[in-house]
Amino acid sequence: MASTANAFSPSLSYNLNTKTKSSTLKPSSPSFFQTRSNVSVRGLCSVELNRGRVAVSRSSRIGLRICASTAELMEAKAPTIVDVDLGNRSYPIYIGSGLLDQPELLQRHVHGKRVLVVTNNTVGAIYLDKVVGALTRGNPNVSVESVILPDGEKYKDMDTLMKVFDKAIESRLDRRCTFVALGGGVIGDMCGYAAASFLRGVNFIQIPTTVMAQVDSSVGGKTGINHRLGKNLIGAFYQPQCVLIDTNTLNTLPDRELASGLAEVIKYGLIRDAEFFEWQEKNMERLMARDPNALAYAIKRSCENKAEVVSLDEKESGLRATLNLGHTFGHAIETGFGYGQWLHGEAVAAGMVMAVDMSYRLGWIDSSIVKRVHSILERAKLPTAPPETMTVEMFKSVMAVDKKVADGLLRLILLKGPLGNCVFTGDYDRKGLDDTLRAFCKS
Ligand SMILES: NC(=O)c1ccc[n+]([C@@H]2O[C@H](COP(=O)([O-])OP(=O)(O)OC[C@H]3O[C@@H](n4cnc5c(N)ncnc54)[C@H](O)[C@@H]3O)[C@@H](O)[C@H]2O)c1
Ligand SMILES: [Zn+2]
């Protein structure tokens with residue numbers, strides 16, 4: 001496992017393939033899971049599963065505990081648990097189908113007797129009643145308020161955030177309350193930031209309902225809102241009490257949103273998990289057809305990868321930046337082409353193709369990886385090139401103000417070596433970047 005201690009001079013390379021072993025344990029009380037299947041555990045950890053309670057013993061050696069059940073268990077609605085290890089801010093991610101029908105999962109993480117659910121009009125119309133039920137069933141002492149925000153990235157702003165505070169203050173919520181985010185990444189980021197700042201911090205639970213939010217934005221504690229001059233410029237690192245992923249919520253997600261989230265899944269394979277990429281190559285059609293077991297596995301594996309990176313580098317001093325493969329090119333597309341035209345994952349997909357093309361031009365990867373990336377993105381119905389209206393100048397002007405510019409040097413995440421290895425570096429031949437930009441832009 002690479003060290004994160006030496007910051008970035010001139011570059012860091014990452015080949016953080018998960019070096020964890022699998023073992024199997026039996027739940028001590030199988031009735032909790034309605035099945036007697038084995039539980040496989042990734043990582044050097046041991047796990048004890050009791051009725052209504054999941055106790056996970058820590059591994060001090062690797063600083064990360066990942067405990068997961070098998071696909072068979074998921075069919076029986078057992079939660080898979082990926083545990084994010086951040087010392088006293090550690091929390092579990094529960095993954096499975098029908099988890100919103102298991103009130104005890106949610107209720108054990110609610111602090112106090114007052115809950116505020118933050119959602120939007122689209123997701124709230126479908127899932128708010130179910131979530132209120134999960135919070136209150138057999139738990140009459142809890143009272144639940146809700147605030148329904150307008151749907152869309154354009155509402156991820158200060159004015160809309162104030163509606164959350166208005167509701168919390170009008171409802172006289174105190175420090176012992178819990179905020180629950182029910183929705184995609186926009187709601188998760190906003191509710192998390194509201195929880196971080198209301199009364200200087202209240203408890204917070206994430207119920208992500210898009211693939212993007214389930215595999216990426218709900219994990220790792222980045223919260224915030226946009227400013228008119230840029231995305232996610234105002235925010236805080238703030239970790240939830242738990243993340244509850246009910247994969248059934250994906251049944252109502254539009255196809256384009258599903259594919260957009262899969263771009264981030266593919267990203268994890270490319271930057272650090274070749275085995276996972278190979279699994280995706282075998283299972284992309286199952287994912288696109290929303291096979292629940294395939295989706296649950298992809299979400300689990302993505303959360304494991306993100307949890308591992310975040311637990312090693314919570315505040316993005318280095319390693320965490322590798323999660324941005326394709327994002328520098330992608331942000332240029334989102335900005336240059338106009339937000340809302342392409343979804344984030346679509347821009348990231350085209351951006352990953354460009355990063356991979358550049359890696360190949362630099363001689364850092366062989367052509368088979370380039371072909372495999374094209375092929376898997378096409379199968380996921382994602383773009384493999386930027387919009388035709390993008391010019392070299394548009395890319396350069398946005399990339400010049402990227403957060404990863406240091407001392408005038410643009411650092412990029414590029415693939416290097418066998419599949420599953422990447423570098424975050426400013427130490428590359430500028431001609432490689434120019435050639436890539438020219439190859440993908442008409443002018
Ligand atoms: N915090 C992080 O680390 C992080 C990481 C990646 C992205 N993000 C942020 O996440 C946001 C993008 O998230 P997103 O892609 O989830 O977009 P989103 O939250 O806008 O959701 C996409 C659309 O799907 C709808 N929707 C959500 N769940 C649904 C469901 N189950 N059924 C039907 N419709 C549903 C939403 O109402 C919305 O219209 C961006 O603001 C981005 O900055 C944050
Ligand atoms: Zn992203």
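This is a predicted model: local features need pLDDT of at least 70, side-chain atom pairs count only at pLDDT 80 or more; totals for chains, interfaces and linings use all residues.
1. The zinc ion (ligand 2) has three protein donors: Glu264 through OE, and His327 and His344 through NE2, at 2.0 to 2.1 Å. Along the chain, the donors follow the spacing E-x62-H-x16-H. Glutamate 264 belongs to helix α7 (residues 255-272) and histidine 344 to helix α11, so this pair ties together parts that are 80 residues apart in sequence.

2. Histidine 344, at 22%, counts as partly exposed, because the buried class requires a value under 20%.

3. Helix α11 comprises 18 residues, 344-361, and spans 26 Å from its first C-alpha to its last, close to the 26 Å expected at 1.5 Å a residue. Because 15 of its 18 residues are buried, α11 is largely enclosed by the rest of the structure. Glycine 363, which follows α11, has a positive phi near 80 degrees.

4. Around ligand 1 there are 25 residues, of which Glu153, Lys156, Thr209, Thr210 and Thr252 come nearest. By class, this shell holds six nonpolar, 10 polar and nine charged residues.

5. Polar side-chain atoms approach ligand 1 at several positions. Oxygen atoms of the ligand lie 2.8 Å from a polar side-chain atom of aspartate 151 and 2.8 Å from an N or O atom in the side chain of lysine 156. For aspartate 189, a side-chain N or O atom is 3.0 Å from a nitrogen atom of ligand 1. The protein buries 88% of the 860 Å² that ligand 1 exposes when taken alone. Elements giving two or more residues to the shell are α3 (121-136), α5 (185-197), α6 (211-217) and β14 (230-237).

Methods:
Residues are numbered from 1 along each chain as its sequence is written. Chains are lettered from A and ligands numbered from 1 in the order in which they are written. Side-chain values use heavy atoms; hydrogens and water are left out. Helices (H or I, at least four residues) and strands (E, at least two) are DSSP runs, numbered from the N terminus. The expected span of a helix is 1.5 Å times one less than its number of residues. Buried means under 20% relative accessible area, exposed over 50%, partly exposed in between (1.4 Å probe, protein chains only). Donors are N, O and S atoms within 2.8 Å of the metal (3.2 Å for Na, K and Ca); water is not among the atoms, so sites may look incomplete. A residue is near a molecule or strand if one of its heavy atoms lies within 4 Å of it. A polar contact is a pair of N or O atoms within 3.5 Å; within protein, one must be able to donate a hydrogen and the other to accept it, and residues adjacent in sequence count only if both atoms are side-chain atoms. Accessible areas come from the Shrake-Rupley method with a 1.4 Å probe; for residues, only the protein chains shown count as cover. Ala, Val, Leu, Ile, Met, Phe, Trp, Tyr, Cys and Pro count as nonpolar, Asp, Glu, Lys and Arg as charged, and the others, Gly among them, as polar.
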